[in-house]
Each structure stands twice: as C-alpha cells, then as structure tokens.
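Me: I'd like to learn how to read strand pairing and domain layout in a model like this one. Could you walk me through it?

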Amino acid sequence: MAEVVLKNLSKSFGSDVGIADVSMTIPDGAFVVLLGPTGAGKTTTLRLISGLEKADAGEIWIGGRNVGSDTPAQRDVAMVFQQYSLYPHLTVRDNLAFPLKSPILKTPADEIARKIAEVAGVLQISHKLDNKATELSGGEMQRVSIGRALVREPLIYLMDEPLSSLDAKLRTDLRVELKRIQASLGATLLYVTHDQIEAMTMATHVGVLNEGRLVQYGSPREIYENPNSLYVASRLGLPRINILPAELFGGAPSGSTQIGMRPEHIRQGEGQDATVRRVERLGDQTRLHLDLQGHAITTVVDPHADYTPGAQIKIAPRDPLYFDARGQRVL
Amino acid sequence: MAQIVIRNIRKDFGSFNAVRESSFTIEDGEFFMLLGPSGCGKTTTLRMIAGLELPTSGEIYLDGEEISQLPPSKRDIAFVFQMFALYPHMNVRRNLSYPLVSQGMARRDVRAKVEEVANILGIQNILNRPVGGLSGGDRQRVALGRAIVRDPKAFMMDEPLGALDAEFREHMSEELRALHDRMGATTVYVTHDQLEAMQMGDKIVVMNNAVVEQFGTPQQIYDKPATMFVADFIGSPSMNFLHFDGVVADGATNVDLNGQTMAVPRNLQGASGKLVFGVRPEHVTLSDAGGYRGEVLAAEYLGTTQIITLATPNGEMKARIDSAQVAKVGETVGLNLNAKTVTLFDESTGQALRSELNDEVLADG
C-alpha cells in the first residue's frame, strides 16, 4: 500500500468544471472518504487517480512516483464501481480469479487459490464460490465485485459509491465489514459517496467537495464539530443544522450574519419563545419542528417527552456556530 | 372526509396469496402508513382500497358504506402513483382543471377550485407554464394538485417519493405532511422505508409475507414490537436479539442470560426453550462494572452519538452511546441493558411474550 498525493489537480469538461485546484494527501493506510452532492467532482477525482481521465493541470503521486503519464494498468490501482460488473457466465471463483490472471500480474495457480480463499472468507462468500454470478443476491454480487478488487494488492483501492445500490440493512452491515477489512489489510482506500453516514462512520479522513473544490479535509470529528463554512456544516448531521439570522439570540460575534444550531445543540427552558408545529416520534428520538418568529427550527428531544402541536417552549443555542454573509465560519 | 375500515380482507392471484385475512381501521383524517418489504402485500392492499384490485374475500367500508366490489370511479378516492403522470402538452392550469372538466363542473367553479388548490400548494405563479419545463418538485406539486382538486374522501399514495434523491425526498416528505395537516384528509401511504413511515405517519401497519404483523402508532410499534420481524424492521440500527435457551415463569421479573441475572418487565405468559432477549441499541450502556460483558468489535462515529458493535456470549449486539465516551476496538466492557425496555420473544414463533411493558398494545393489535 502507498501514500497518494494530489497537487493542484484540475480537470474541466468543456465549460463544466470537474475539479479545480484540488490538493490533498491520502496517507498510507488511511480510509479517505470524499463527500459531496452529485456534480461536486468526487467521481472525477477517482477517475483521474485511476488514469481513466487525464488531468488538465496538476500532479498525482502514488507511492512517491509521479504517475501523470502512466496508463491505468501501470498505476497499480483497483477500482470498485457503483454498479457491480461481474462476468455473468463465470462462477464466483472465476470472477475473483480473473484480475489475478491478467498478463501483467501472471499469478501462479496456487497463489490464486490461496488469495481467493482468503478474500472469500473475509467477505463471507466462501459457500458461494461455485455459484454462477447470476445466482447471487444483489448484496452478494456487490461483495464479489469488492472481492475482485481485494484479491489484488494494489497501491490504493478506489471505490465509487459501492454500497449505494444495496438495501438499507445490507448497507449497514457492509459499512462495518468494509471498515474492518480495510483496517485488517492496512489498505489505503479512497471512497466516494454522497451519504454522510458512510463518510462519518467509515472514514479516518473526510474531504468535503463543493463544485469541484476541496473545501475542508479532516477527521470526521473535526468536520462535524469544527466546520469551516456553512456548506460543510450543512453536509454533516441529521437532521440538518438549523440556519437562522445571527442576531436572533443575541451575543453573535461581529461580522457574523447567520447562526448555525445543530438540532441536538438546543437548550430548552430559556431563551426565545417558540411554538411546536409538529412532533415526529422516531422511536429512539423525538423531533420537534418549531416556529420561532417565522423561522423553522428542528430540535431533538427525549423519545418520550410529552409535546403536542401548539405548545410554547423556550429555546437557546448550545455551542452555536456563526457564519458571515459569504457562509465562512466566524470564530 | 372519511373513516376506512378493512375487515378480513384477502387477495389471491391464482394460487399465490398476496394478502391474508387482514383487518385494521383508518380513522378520519389520519395519515396512515402501510409499511413492509417488497412483496409483503402493502401495494395490493392499497390497490384494493382504491378499487384497482378486487379482494378475493373480506370487506372494505368507506364512511360506513361497503365498497369492496365497487369500481374505482364510484369510490371517491384519489390515487397518487410513484411516477407522476402529467399531460405534457397542457399547461399547469389545464392539468389541474382536467379532472374537474371531465366531471362536468361549470367553468367558473373549475377556475375557483384550481386557484384554491394552487394556493394550498404554493404554485399560483406557475399556473400558465407548460409542465415540460418544471422542476421535479413543481411537477410533484402539480400531480398532487390533480388529486386534490376533486375533493376526494381519501388519498391513496404508492411510494410517491420513491424515485427522488435523499435530500429532495426529505424536503417533499415534510411538505406532504404539512399539506396533510392543513387539509386533514384521510391519507393511506405505502412505503418500504421505515424512517419515512415513522416520520410521516400517525399510525402504521407493518406487513410481511401477506400478513399484518402489527398496527399502532410509531412509538408503540418501536417500543413494544409484537414480533421479531417488526423489532428488526423498525429502527436503525434495529433491535438487538440475544439468543438464549431458558425458562421464563409467568410473573418472572428476570431471566438468566449466560449465567447472569437480567431484569425484564414482569412476564405475563411464561415460556421455555429457545428464547430471544430483545433490547434496542440506545438502551445498552457501557460500563467498567457489570457481569454481562462483551468485546468491542467496531465503533462508528455519528456526530453526537456513536454506534458500538459488540460480541457477547449470546451473539453480536449494537449500542448507541455518546460520542464523547471512549470505546476501544478489542476491549472487553461491561454492558447494562435497560430492563424496563426489554422485550422477550419466542424464537420458534417470532412472537413477543406478553409482559407488563407490552400487554396493552398486544391486546389491541
């Protein structure tokens, strides 16, 4: 495994910006997640690193080597796509063996057998090795396609929303599994998603992309607790952070125009009067939708708290975040 | 508006049984969710209420009138499909007017009604626009408007938000619920998304394999699941199941879990054999003490909270704890399970054992 360094990387498609001036270091053995909505440049970054696209400007260093002019095969990366692409006429075993039989790797047969047994064990598909790929469930197929990357020992794994086509339960299981696999292999992994839960739960480092730019890069905890902009603050946290005019509660630092209050960071019993509009009982938590001087606010309370629409409560921020007119954090 | 009573309804497609004798009541003005995995019979149930399928047996009452064999047009129910179908060659106003014009309503009344509905939905400013150029949200509002203009007794919605991306879906679900709160129309809504059901519904019916598993408010279903299926399907992460072999006496207030005495709500029916101890992740706390122990396998950071996966003598379990608390992978920790919230199940039937906690809810359901 290896460290990957991006230096001032840019790529446009005609007049559309793919990514613009992205610099980041993916440390050896890190699980880095790129988070952003559709069109933020996540997949473009992956494709540039893998060599499927050529950068307009900037450099890509893998394991201390500038790979700008290398072909995808020479770069020694393994990619997993959102849509699993298996050979339907081959068994699971042959699908897993395929990458190892490539002319570049030319792996000996006993080594292939050992590798497949190991990866199948890790992914819990050992009992399906002799099944045809088409006889698998969606979750199993995606595990096989992840397995096809894992049988190799590339310098970095690149994964493009590999869990997004799976149902909720399976996604939850595979999240834990994937993180365990990455940690046990000590693999360097760059993972792209628009799902904040995946980013927070799996990553050692999260990079938040906005319109092709890397706007913040740090541990999930840093990004959640210390976002540098309104944009980043809104990307992490469920329900979403409440954004209101800064002066609503008083005490706003100078230069700030907006206050951000996470739903779980709202105190009750003091501060401003708000009216309960709606009560959502989600079981493990109850969400209150409030109206405060015409502003909608969501807060989270104890699941068995007894509120009804129309009730009046007082609220005040706890650990609020302030932002200026351009959406930059004000400290 | 209307109350809908479903009594012993059944639907067979040839030899395939899609819905088995199901009964529940949708009260006037309720936002009612039919929830379950694909193939559970929820859409078939909805289509029977709307009249798009005729039940093999059983009755459906709309405001006291038995309607199960009436054609859809005689039921006064509006149906909103997953894929919103609009007439592409007409503008928004004509799309909204069409259902009324085809009913033979006077032109002036149509105009007034369309204005009223456009007002409710906040689409007055796009009435004269062609539907082709509308955003996804506006298309959806127009489609809803077409269902609303007729003033039906009830609305049927089949995963209306299913095709949307997560962010937009969240926004539309809030809008839909707010619209319901303004109009108070009885709404039956099909979804496979448990969070959506909990968020939007006044009541939920959970279906699985053609059978109603449970019927109640979101909080009842979450806190007092009637079956292992419901306990597993509702909640994320879902309820932990600790499997054990044992005996629970009628009146017992604890069980033996791998040699440890665990308090439970007073049992009211007694059972023995293969049993399951069910506890939700947020009711598991980690401590240094505690005789019941587990090894930390993984920690998932979620901001304010984190999810800890543990290996216990009775199987894997998850705990939702404060993210400030430290839990190191590989460490063995004591586990406290909040006794008041525990549900015991009979593993062979999957049914919850009756206890002080759930007696009232199970008696209803």
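This is a predicted model: local features need pLDDT of at least 70, side-chain atom pairs count only at pLDDT 80 or more; totals for chains, interfaces and linings use all residues.

Me: Which strand does S1(B) join through 5 bridges?

Reply: That's S4(B), residues 57–62, which runs antiparallel to S1(B), itself residues 4–13.

Me: What stands opposite Ile4(B) in S2(B), and what is the bridge partner of Ile4(B) in S4(B)?

Reply: Follow the one residue into each strand. In S2(B), Ile4(B) faces Ile26(B), while in S4(B) Ile4(B) has Leu62(B) as its bridge partner.

Me: Now the domains. Where do they fall in chain A?

Reply: Domain 1 of chain A spans 4–234 and domain 2 spans 243–330. Their C-alpha centres are 38 Å apart.

Me: How many residues of those two domains of chain A are in contact?

Reply: Look at each side separately: 6 residues of domain 1 of chain A contact 8 residues of domain 2 of chain A. On the domain 1 side, 4 of the residues are nonpolar, 2 are polar and none is charged.

Me: And how is chain B divided?

Reply: Chain B has domain 1 at 4–223 and domain 2 at 239–356, with C-alpha centres 39 Å apart.

Conventions. Residues are numbered from 1 along each chain as its sequence is written. Chains are lettered from A and ligands numbered from 1 in the order in which they are written. Two strands pair if DSSP finds at least two bridges between them. Helices (H or I, at least four residues) and strands (E, at least two) are DSSP runs, numbered from the N terminus. Domain bounds come from an automatic or database domain assignment. Two residues are in contact if their C-beta atoms, placed from the backbone, lie within 7 Å. Ala, Val, Leu, Ile, Met, Phe, Trp, Tyr, Cys and Pro count as nonpolar, Asp, Glu, Lys and Arg as charged, and the others, Gly among them, as polar.
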